[in-house]
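Good morning, everyone, and thank you for coming. Please take a moment with the sequence and the structure before I walk you through a few of the elements.

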Amino acid sequence: MSRRNPATLIGSGKLEELKQARDESQADLLLFDDELTPSQQRNLEEILDTKIIDRTALILDIFARHAQTKEGRLQVELAQLEYRLPRLTRMWTHLSRQAVGGVGLRGPGETQLEVDRRQSRERISKLKSELKEVHAHRELYRQKRKREGLPVVALVGYTNAGKSTLLNALADSDVYAANLLFATLDPTTRTINLPEGQQALLTDTVGFIQRLPTQLVAAFRATLEEIQEAAVLVHVLDLAHPNAEEQAATVDKVLDELGVGDRPKIVALNKIDRLFPDLVREPKSPNGKETAIEPLDAATISARMAADLELGPGYVPVSAQLSWGLSDLLAAIQAALSATLCPFKALIPYSDSELVSRIHQVAVIRQEEHTENGTLIEGRIPKQFLQRLETYAV
């Protein structure tokens, strides 16, 4: 049995197999589903005489293609530069001669490699400074949300599980959604209405993946902070994916690493229309379009899934694409949030009617009465909103 070679990651036997496969396929690019060190990548390219890309480089390239906002582009560029910095050596081996100094360009005896390294470090420093400002603005926005009292519900899950499509279905929005890895790079927040009249903020986040590169974990701190601010997590799981169980374990591991593994969580079993088409979809109409049955015997589907997949409580079957099962999911979110609310009773003077309107947005109202002195209102409300009611508390 061949052993791994620290200089090339794979053993000599695998190297020979790889050479043969490359020759047979006439490949001009080889992709390693692992993170290579700079020396391993250099050694492999010399031995195989072929361009090598590792897992991290591929993911960074996908991120770069999908970055739309200023923050997203800054994050991706930072991650790319930090990845490439230790790999600059092999890029400039043909320019290792010492260069003549020039005003404002480089010092005497400075090589092209040293110039590139210095410029990369300067750019990294600038990007970190710009991202710090962006994060400061995002923090101000989060503080404003806290003062307003609307609870945050975060959609989390493996990449391409259908989080953005579910956000659009629940919030009636038009956030970009595509059948692509990492189509969402920036947190997107929309307001949703819950069954008992309360409103909540629903946040779409970047998808997780196995062995997420460390550069990306650091760069996409903003998205991870959104998850940490959430009162409830909705884990969107692509139930039709052949590796669904493995993907779910990956998401749970990342949530634990972020310190939110014990946060109230609902598992939305998405894309069940692919798994149980006979229960979720009506037969095709003459125009060829499929129609979602809402709410077709959700209990039957849940029972069948529980029997087939041995599911416990806390799982809600949905189809984001067909907007099926959303009422059950909203009810589950409402129940999870209600458990985090605090009881209150307040007498709001008629002169502060705006506060009453705000209470209706963030609270679950149990009783409301218009009295001589104002609106007597009772129910359950997010903890962070209680301070605003102290003056009028009964």
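Predicted model: local features only at pLDDT ≥ 70, side-chain atom pairs only at ≥ 80, totals over all residues.

Let me begin with strand 1 (residues 29-32) and strand 2, which pair in the parallel sense over 4 bridges; two strands count as paired if DSSP finds at least two bridges between them, and strands (E, at least two residues) and helices (H or I, at least four) are DSSP runs, numbered from the N terminus. Between these two strands the chain passes through helix 2 (residues 38-48), and this β-α-β crossover is right-handed, a term that applies if, with the strands pointing away from the viewer, the path from the first strand over the helix to the second runs clockwise.

Residues are numbered from 1 along each chain as its sequence is written, and side-chain values use heavy atoms, with hydrogens and water left out.

Within this pair, F32 stands opposite D54 in strand 2. Which residues of helix 2 are buried? They are Q40, Q41, L44, E45 and L48, where buried means under 20% relative accessible area, exposed over 50%, and partly exposed in between (1.4 Å probe, protein chains only). Just after helix 2, D49 takes a positive phi of about 50°.

Turning to the other sheet, we find an open arrangement of 6 strands in the order 4-5-3-6-7-8, with mixed pairing. Strand 4 (188-193) and strand 8 (315-317) stand at its edges, each with a single partner strand, so one side of each is left without a neighbour in the sheet.
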